[in-house]
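This report describes helix packing and nonpolar cores in a predicted model. The structure is shown first.

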Amino acid sequence: MTSPPSMKSSARSGSTWWLTPNLFPADSASGFPETSPRQPVRHDTRFFVLHAWLPLAAFAVLAFASMALHGDQWLADRLYAWQGHRWSLRHAFLTEDVIHLLGRDLSTMAWLGVLAAWIVARSRDSLTALRRPLAYLALATLLSTALVAWVKTWSNMDCPWDLLGYGGERPYIGLFAMRPIGLSRGACFPAGHSSGGYAWLALYFFLLVVRPQWRWLGLVVGGGLGLLFGISQQLRGAHFLSHDVWTAGICWATALLAYLLFLRRAASA
């Protein structure tokens, strides 16, 4: 029977044991098989079913329901009618100043905090094991928001508040429909603001490596922030439901791919 590791030996080594990434999670619920410290983690079929195929199926259902089955208009009609057939929350203090503007700034500050943590980890030997996970988190969140912003430059869709029937003057043009000549471009798809929340879905994979038992907290934080930002913008008339569905899909796919490319080697080393 082996004795537990000595707290004194950890103190002498200067290691921050509670921050040391667990690169060999033994929780089968995460999609990884149980392994010994000497046996590398295998990304098996279960992992890809849970983290790729099921999210893809959910995305396809939501995108189809919101776009092909006109769920976007169904929800927007009710939000618009509920506000008295105008976007009365467009410039409300809570939706515009707090959630939209302050929320955007807080998300940016959080990213800068991650970057600062990575710089500190680079300068301290006791935090060596956190360097790659922190670099992953900074990179994945940045790429997610950048990809959403890039898609907005060519997607050419309007915001609800610009459309006929919602207080605007433009006809509704679908994502894959031809835009009439002379109609200026739209820049509302996908949802840029909610990407500042959904980008933090990468916390799930960060914690999957650093502390697997906390990974669901990362999913709740990223998903909760994305929903908060997205619902607020829909209440303001800035986006349809599908805009946020696509943003969430882009952010999750980016976080997953970055994990496989950036952290998979660390987990398998």
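## Nonpolar cores

The largest nonpolar core has 34 residues, of which Phe47, Tyr136, Leu137, Phe205, Phe206 and Tyr259 touch the most other members. A nonpolar core is a set of buried Ala, Val, Leu, Ile, Met, Phe, Trp, Tyr and Cys residues joined through side-chain atoms within 4.5 Å, where buried means under 20% relative accessible area with a 1.4 Å probe, protein chains only. At least two residues of this core come from each of α4 (93-123), α5 (131-155), α7 and α9 (241-268); α9 gives the most, with 10 residues. Helices are DSSP runs of H or I with at least four residues, numbered from the N terminus.

Phe206 touches Pro133, Leu134, Tyr136 and Leu137, leaving aside residues up to four places away in sequence; contact means heavy atoms within 4.5 Å. A second, separate core of 12 residues includes Leu79, Tyr166, Leu235 and Ala238.

## Packing of α7 and α8

Helix α7 (residues 202-210) packs with helix α8 (residues 215-236) at an angle of about 170 degrees, their axes being 7 Å apart. Axes are lines fitted to C-alpha atoms over the stretch in contact, and angles run from 0 to 180 degrees between N-to-C directions. The two helices α7 and α8 are therefore roughly antiparallel, a term for angles over 145 degrees.

The contact involves Leu203, Tyr204, Leu207 and Leu208 of α7, together with Arg215, Trp216, Gly218, Leu219 and Val221 of α8.

## Basis of the values

Residues are numbered from 1 along each chain as its sequence is written. In this predicted model, local features need pLDDT of at least 70, side-chain atom pairs count only at pLDDT 80 or more, and totals for chains, interfaces and linings use all residues, while side-chain values use heavy atoms, without hydrogens and water.

Methods: Parallel < 35°, antiparallel > 145°, perpendicular 65-115°, else oblique. Buried < 20%, exposed > 50% of the residue type's maximum accessible area, 1.4 Å probe, protein only.
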